[in-house]
Amino acid sequence: MNCLWCGRTQKEVIKLRELVAFTKIDPTVRCDSCSGKLVSLLKGTVCLGCSRYWIEEGLCPDCQKWKAAYPNYPFKHTALYQYNEFIKEWIEAYKYAGDYRLGELYKKEIQAFFCKQKELVIPIPISDKSKMLRGFNQVEGLLEFAGVKYTPALIHCGTGEKQSSKNRKMRMLSPQPFKLNDVFQDSIKGKSVILVDDIYTTGRTFFHAADCLLKNGAQSIETFSISR
Ligand SMILES: [Zn+2]
Ligand SMILES: [Zn+2]
């Protein structure tokens with residue numbers, strides 16, 4: 001196979017175990033060298049609320065601040081990889097330059113995570129402006145490549161101003177940018193939901209989305225992102 005990221009050719013070795021036990025999980029599309037640049041957050045000590053490295057017990061200081069504002073929120077986040085130069089370059093190419101094919105880069109890990117989930121999968125929506133610029137919702141792209149069924153229950157009704165262009169304080173104070181698509185009113189009532197985004201930065205986006213779904217009758221929320 002040719003690595004989807006760097007293009008290098010790598011001999012493919014599919015173990016019998018993978019063929020027999022994990023038929024629903026495709027082989028990785030990255031070479032060993034590219035995979036070696038990723039730092040997994042699935043093993044090791046992380047904060048349950050946001051998946052960042054955290055060796056002490058309980059939630060990290062940022063999550064504790066959120067806890068004060070959202071006392072009933074369950075604080076269960078899974079991020080696959082630590083944010084670093086590799087993830088940054090991938091986000092630039094996939095999300096900002098709009099190279100849709102790169103949504104396949106974490107297919108195997110996404111499949112492995114979601115094949116065990118029974119929750120309703122809801123992607124974080126993007127603004128119409130972003131969708132026009134990019135041509136696609138990058139979160140839906142990730143799920144589509146992995147073959148994960150999702151429910152696009154949220155609508156972005158904010159200004160579409162980029163989160164990354166605001167400072168931390170401004171992002172914390174930003175108004176609710178999401179609303180429920182009425183068509184899905186009944187399908188989220190009483191349901192356990194897993195919200196999906198590409199990157200967990202401050203948590204602001206997830207809390208807005210979770211708030212909107214909980215107010216509309218969702219029973220519980222957990223969250224997932226590629227990186228933290
Ligand atoms: Zn590579
Ligand atoms: Zn945390």
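**Exercise 1. In this predicted model, which residue of β6 stands opposite A79?**

Step 1. Find the two strands: β1 covers residues 77-81, and β6 covers residues 220-227.

Step 2. Look at how they pair. β1 and β6 run in the parallel sense, and four bridges join them.

Step 3. Now look across from A79: the residue opposite is S225 in β6.

Step 4. Check the surroundings of β1. Five of its five residues are buried, so the strand is largely enclosed by the rest of the structure.

**Exercise 2. How many of the eight residues of α5 are buried, and against what do the buried ones pack?**

Step 1. Locate α5 at residues 107-114.

Step 2. Go through the helix and pick out its buried residues: K107, E109, I110, Q111, F113 and F114. That is six of eight, and α5 is mostly covered.

**Exercise 3. Are α5 and α7 roughly parallel or roughly perpendicular to each other?**

Step 1. Two packed helices are described by the angle between their axes and the distance between the axes.

Step 2. Take the two values: the angle between α5 and α7 (residues 138-146) is about 80°, and their axes are 8 Å apart.

Step 3. Compare the angle with the range of 65 to 115 degrees for roughly perpendicular. The two helices are therefore roughly perpendicular.

Step 4. Name the residues that meet. From α5 come K107, I110, Q111 and F114, and from α7 come L142, L143, F145 and A146. Sorted by class, this contact has six nonpolar residues, one polar and one charged.

**Exercise 4. At what angle do α4 and α7 pack, and which residues make the contact?**

Step 1. Helix α4 spans residues 85-96, and its angle with α7 is about 100°, with 10 Å between the axes. That makes α4 roughly perpendicular to α7.

Step 2. By class, you will find three nonpolar, two polar and one charged residues in the contact of α4 with α7.

Note on methods:
Residues numbered from 1 in each chain as written. Chains lettered and ligands numbered in written order. Predicted model: local features only at pLDDT ≥ 70, side-chain atom pairs only at ≥ 80, totals over all residues. Heavy atoms only, no water. Axes fitted to C-alpha atoms, helices over the stretch in contact; angles between N-to-C directions. Parallel < 35°, antiparallel > 145°, perpendicular 65-115°, else oblique. Contact = heavy atoms within 4.5 Å. Nonpolar A, V, L, I, M, F, W, Y, C, P; charged D, E, K, R; others polar. Buried < 20%, exposed > 50% of the residue type's maximum accessible area, 1.4 Å probe, protein only. Pairing = 2+ DSSP bridges.
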